[in-house]
Amino acid sequence: AEAIRINVFRTIRLLLECSATLREKVRNGGFEMHGAIYDIETGEIKFLGQHPSLEMLLNLDKFLGQHPSLETLLNLDIDIPHKESAESLGAASTSTGSSPK
């Protein structure tokens with residue numbers, strides 16, 4: 001359960017680190033990000049609230065201005081060729097004798 005909670009906050013952190021637009025909207029109060037965990041067996045939702053380091057994440061722009069190499073790393077746009085990836089997965093499934101479902 002702790003690993004799931006950590007992953008929820010890790011996801012919020014990554015979204016804020018990778019999107020200056022999202023950071024700005026959260027900083028200005030136009031958008032809030034809250035974590036939650038859904039228990040598929042009971043249907044219960046446990047709300048975790050905002051990221052514990054939200055203030056630091058929202059001030060990331062100031063830090064990045066002092067460290068431009070980090071800004072470059074956070075703004076990398078990696079193009080994933082979806083069709084080619086799907087085809088290679090299909091080929092891998094075929095080569096092992098199983099078919100994709």
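**Entry 1: salt bridges**

How many salt bridges does a search of the whole structure find? I found three salt bridges, each being a side-chain nitrogen of Lys or Arg within 4 Å of a carboxyl oxygen of Asp or Glu. A reminder to myself: side chains of opposite charge can pair when their charged atoms come close.

Before going on, I noted that this is a predicted model, in which local features need pLDDT of at least 70, side-chain atom pairs count only at pLDDT 80 or more, and totals for chains, interfaces and linings use all residues. Residues are numbered from 1 along each chain as its sequence is written, and side-chain values use heavy atoms, with hydrogens and water left out.

I looked up arginine 5 and glutamate 2, whose side chains meet at 2.9 Å, N to O. They are three residues apart in helix H1, so about one helical turn separates them. Arginine 5 is partly exposed at 30% relative accessible area, and glutamate 2 is partly exposed at 43%. For these words I use under 20% for buried, over 50% for exposed and partly exposed in between, with a 1.4 Å probe and protein chains only.

Next came arginine 13 and glutamate 17, with their closest N and O atoms 3.0 Å apart. Both lie in helix H1, four residues apart, about one turn of the helix. Arginine 13 is partly exposed at 28%, while glutamate 17 counts as buried at 17%.

Arginine 27 and glutamate 24 meet at 2.5 Å, N to O. They are three residues apart in helix H2, again about one helical turn.

**Entry 2: the layout**

I counted six helices and two strands, where helices (H or I, at least four residues) and strands (E, at least two) are DSSP runs numbered from the N terminus. From the N terminus on, the order is α-α-β-β-α-α-α-α. Of the 101 residues, 20% count as buried.

**Entry 3: the core**

Which residues make up the largest nonpolar core? I listed 12 residues, among them Val8, Phe9, Ile12, Met33 and Leu57. Such a core is a set of buried Ala, Val, Leu, Ile, Met, Phe, Trp, Tyr and Cys residues joined through side-chain atoms within 4.5 Å. Helix H1 (2–18), helix H2 (20–27) and H3 each supply at least two residues of this core, and H1 gives the most, with four.

I then checked methionine 33: not counting residues up to four places away in sequence, its contacts (heavy atoms within 4.5 Å) include Ile12, Leu22, Val26 and Gly49.

**Entry 4: histidine 51**

Histidine 51 sits in the loop between strand S2 (45–49) and helix H3 (54–58). This histidine is buried, at 12% relative accessible area. Its side chain reaches the backbone nitrogen of serine 53 at 2.8 Å, and a polar atom of that side chain lies 3.4 Å from the backbone oxygen of phenylalanine 9. Leaving aside neighbours within four places in sequence, histidine 51 is in contact with Phe9, Ile12, Arg13 and Leu57.

**Entry 5: confidence**

The chain averages a pLDDT of 74, and 61% of the residues score at least 70; pLDDT is the predictor's confidence in each residue, from 0 to 100. Over residues 76–89 the pLDDT is below 50, and this stretch has one contact beyond near neighbours in sequence. Residues 91–101 also stay under 50, with three contacts beyond four places in sequence. Where pLDDT is low, the predicted coordinates should not be read in detail.

Terms used:
Polar contact = N/O pair within 3.5 Å; in protein donor to acceptor, adjacent residues only side chain to side chain.
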